[in-house]
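Dear colleague,

I am handing over the structure we spoke about, with the sequence alongside. My notes on what was found follow below.

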Amino acid sequence: MRWDALEEEPCSMARTIGVIGDRWTLLILRECFLRTRRFEGFQSALGITRHLLAERLKKLVRQGVLRRIPYQESPKRHEYILTQKGLDLYPIMMAIVHWGDTHMVDERGRPLLHQHRKCGKNFDPVMVCSECGEPLSAKEVHTHPGPGARSTPAIKAPEKPKAKARRSAA
């Protein structure tokens, strides 16, 4: 696999990494989910160079993860808003946060708590089966090729050598 061609691979993980798989893009997305919308807001929150930020925002817009909306005419300035495609990244972002909260916190604890507006409780993200609702773990999941899998030529079993026919002496 080539890093610059991941988006073309027949692998959902590789294609996704091709869009969001560098540290700055993930941090920009974190800021989007924390309601940052303006270039200066991203730059201030992240300490990223203008060039890198502009490059990553353009890619996210090109990939349909963000949309760019003007909010000022002179000078022209834009806000960056998550599209539905971008909002669909929320479970990924929450899984990364949960991993960090579980494995990377120090003695002070979690830097952010997430509260469900509907019930008012702080929560941990949980992955469940879309069919039965049971929690999932890696040990409980089996994978098999889907319709978009790379097709490989069938491998033929080696042929058995044919026995030489014996001539009968007449």
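**Notes on the model**

Arg35 is exposed, with a relative accessible area of 55% (exposed means over 50%, buried under 20% and partly exposed in between, with a 1.4 Å probe and protein chains only). Please bear in mind that this is a predicted model, in which local features need pLDDT of at least 70 and side-chain atom pairs count only at pLDDT 80 or more, while totals for chains, interfaces and linings use all residues. Residues are numbered from 1 along each chain as its sequence is written, and side-chain values use heavy atoms, with hydrogens and water left out.

Arg35 lies in the loop between H2 and H3, and although Arg35 is not a glycine, its phi is positive, at about 80°. Helices here are DSSP runs of H or I with at least four residues, strands are runs of E with at least two, and both are numbered from the N terminus. Thr36 is found in the loop between helix H2 (23-33) and H3 as well, but Thr36 is buried, with a relative accessible area of 15%. Leaving aside neighbours within four places in sequence, Thr36 is in contact (heavy atoms within 4.5 Å) with Glu31, Gly41, Phe42 and Tyr80.

Turning to the helix packing, H3 (residues 39-46) and H4 (residues 50-62) pack at an angle of about 120°, with their axes 11 Å apart. That angle makes H3 oblique to H4, given that angles under 35 degrees count as roughly parallel, over 145 as roughly antiparallel, 65 to 115 as roughly perpendicular and the rest as oblique. The axes are lines fitted to C-alpha atoms, for helices over the stretch in contact, and the angles run from 0 to 180 degrees between N-to-C directions. On the H3 side, Phe39, Phe42 and Gln43 meet Arg50, Leu53, Ala54 and Leu57 of H4. The residues of this contact divide into five nonpolar, one polar and one charged.

In the loop between strand S1 (66-72) and strand S2 (77-82) we find Pro75, which is joined to Ser74 by a cis peptide bond with omega of about -5°.

Finally, the cysteines: the structure holds zero disulfides, a disulfide being a pair of cysteine sulfur atoms within 2.5 Å. For Cys129, the closest cysteine sulfur is in Cys132, at 3.8 Å, which is too far for a bond. Cys129 is partly exposed, with a relative accessible area of 23%, and Cys119 also counts as partly exposed, at 47% relative accessibility.

How values were computed
Nonpolar A, V, L, I, M, F, W, Y, C, P; charged D, E, K, R; others polar.
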